[in-house]
Amino acid sequence: MQFHHHGYVSTNPRVKEAAGVGIDRSPAMPDTVDVMIVGSGPAGVVAAAQLAAFPDINAVLVEQRPHRLELGHADGIQARSVETFQAFGFANEIIDEAYQITETAFWKADPHTPENIVRTKITPDDPHGISEFPHLIVNQARVIDYFCDFMANSPSRMRPHYGYEFVGLEVLDEGDYPVKVTLRCIEGERAGEEITVHAKYVIGGDGARSKVRDCIGATYSKVISMHAWGVADVIVDTNFPDIRTKCIINSSKGSILHIPREGGYLFRTYVDLGDLAEDDNHKVRQTPLEEIIRRANEIMAPYSFDVKNVAWWSVYEVGHRVTQRFDDVPSDAPPERMPHVFIAGDACHTHSAKAGQGMNVSMQDTFNLGWKLAQVLRGLSSEKLLRTYNAERQQIAQDLIDFDLEWSGRMAGSGDGESIEDFYVRTAEFPAGFMTQYPPSQIISGEARQELATGYPLGKRFKSARAMRRCDANVKHIGHEHQADGRWRIYVFADQAHPTTHSAVDDFAQWWTGDHKSPMLRHTPAGADPNTLFEMKVIYQQHIHDFDITDAPSAFRPKNGPFQVEDWNQVYAALEGEDIFEERGIARTGAVVVVRPDMYVAHIAPLDDHDSLARFFTGVFDLS
């Protein structure tokens, strides 16, 4: 974390100075906004938090509920989500608070006594070392709290507007604020009053019964299946030995997904109530808590639990569904039609709880969208950039549905003969959130030289590795320095030449700061610091004591802030015995790895291929 370069900070450095729309921000609902976000669930708060970082963007988050969420219905936080939390600055805090899943126990019917269950296997949660971040269990309400704190501490001082029901919207063909949004106040002196807000863009994160989705005419491509679950957060007295371990239980009487919760006592039990008949008409929702507990005890025999306290319980139905589009642009619309309304999270994809993906995929939807909206609203890119949201995330949602169908089937005992335990280990990268791979597009290069950085697959998230910072000999995960601030990251892996000897990395640095075709010179607003749009790190192959920080070119020591002091925190060296070049398959001749603001690898180039970098960023920052 870097601060003081704008002057000495004696208070919490995570609380940024108010600026732009954050100065004397009124609690009243404005008449016009840049972005209206509907729903303060995971998708909504990530979009709001991302946009809150920009003081020149006026975004508002509206929530029908009159107060903060007190008890969330989702709790599984995959490693990719924790990696995202790191970009918003609260990963360490939430890790300390959460329950960490380190292994999963599988229980099945005892072949000798089928009415009883027996433990068949225990598998590590991350057998392949996919991430340095843990798999967590923490209440969804706390996740939302952390994002709301980030919003409130950002320069724009954004806070949710509680007590506003979304009524409808209309996309007009004219004006700077073409989306007419109607809201209804639901409490206080203005209860029942309808108000109109005009927005440039709207994001619908308003859940499976999304009104925003209905307004833009987005429909589910199909409902693949409907399934019911009884779920309860309980404190119990039990003789089950794995009560504090994640368990997948398949008995002759049914299935349970057992999830220990944070705090050391509470756990969540998902009791499978089976597939639903077409004429069920929601009758399954009338299943009483006592029946859910009875079924759970029946499935767990010969073990049992005596419920002492119930924090929350519910019966819900889930269909495997995905909408055919994630924005308001019909599939047959002309290419010049640009989106102004987007949907995210449960508003556009629903599935079972068995893979623990709902909250996680929802947050990644708007982490993908937020920086794109910011780049367009700040005048850095044309609206064409916004069409990549539907193109990228709709396919991810379909992949999730396909995976969840297979996972659900194996939990129910079907499949191709591969055990559920082996399938769980083999496919661990998908539920951890790291199988997403975006294809070439405006923001994923079609010219990338993958062979120069084989450990950074194009279109996949940038997997961090450790290196030693030259200025202070601190070992850092270089990817953990990535902040949710809309900037692109440029990782420059130096060639074998000694830092004090002229080399390809020196030529690259000279081009970056001195050539008019350089993305930094071409796209950075006039008068802005050189790191305004791009944060660049260099990683040398030599030991840190083989060169001084001042041997690195000035491109890697940019002058920032009102005092124009050099930033010495961007120069690194490979570690002995933990060489990032070897760990990530970086060519010893060097490479440039470009990473998007949402942490996905966008381009890989040789140090001397300046033209491909210029072409790529010309497309990204295209204003035509």
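How many salt bridges are counted between domain 1 and domain 2? The count is zero, where a salt bridge is a side-chain nitrogen of Lys or Arg within 4 Å of a carboxyl oxygen of Asp or Glu. The model is predicted, with local features needing pLDDT of at least 70 and side-chain atom pairs counting only at pLDDT 80 or more, while totals for chains, interfaces and linings use all residues. Residues are numbered from 1 along each chain as its sequence is written, and side-chain values use heavy atoms, leaving out hydrogens and water.

The chain is assigned domain 1 (20-73 + 140-220 + 321-427), domain 2 (99-133 + 226-319) and domain 3 (450-621); such bounds come from an automatic or database domain assignment. The contact (heavy atoms within 4.5 Å) takes 18 residues from domain 1 and 26 residues from domain 2. About 1900 Å² is buried between these two domains, 58% of it on carbon and sulfur atoms; buried area is the accessible area (1.4 Å probe) that two parts lose on being put together, summed over both.

On the side of domain 1 that touches domain 2, helix 8 (387-411) and helix 9 (420-426) are the elements giving two or more residues. Helices are DSSP runs (H or I, at least four residues) and strands likewise (E, at least two), numbered from the N terminus. Helix 9 provides the largest share, five residues.

Turning to the strands, an open antiparallel sheet has three of them in the order 3-7-4; two strands pair if DSSP finds at least two bridges between them. Strand 3 (76-77) and strand 4 (99-101) are at the edges with a single partner strand each, so one side of each lacks a neighbour in the sheet.
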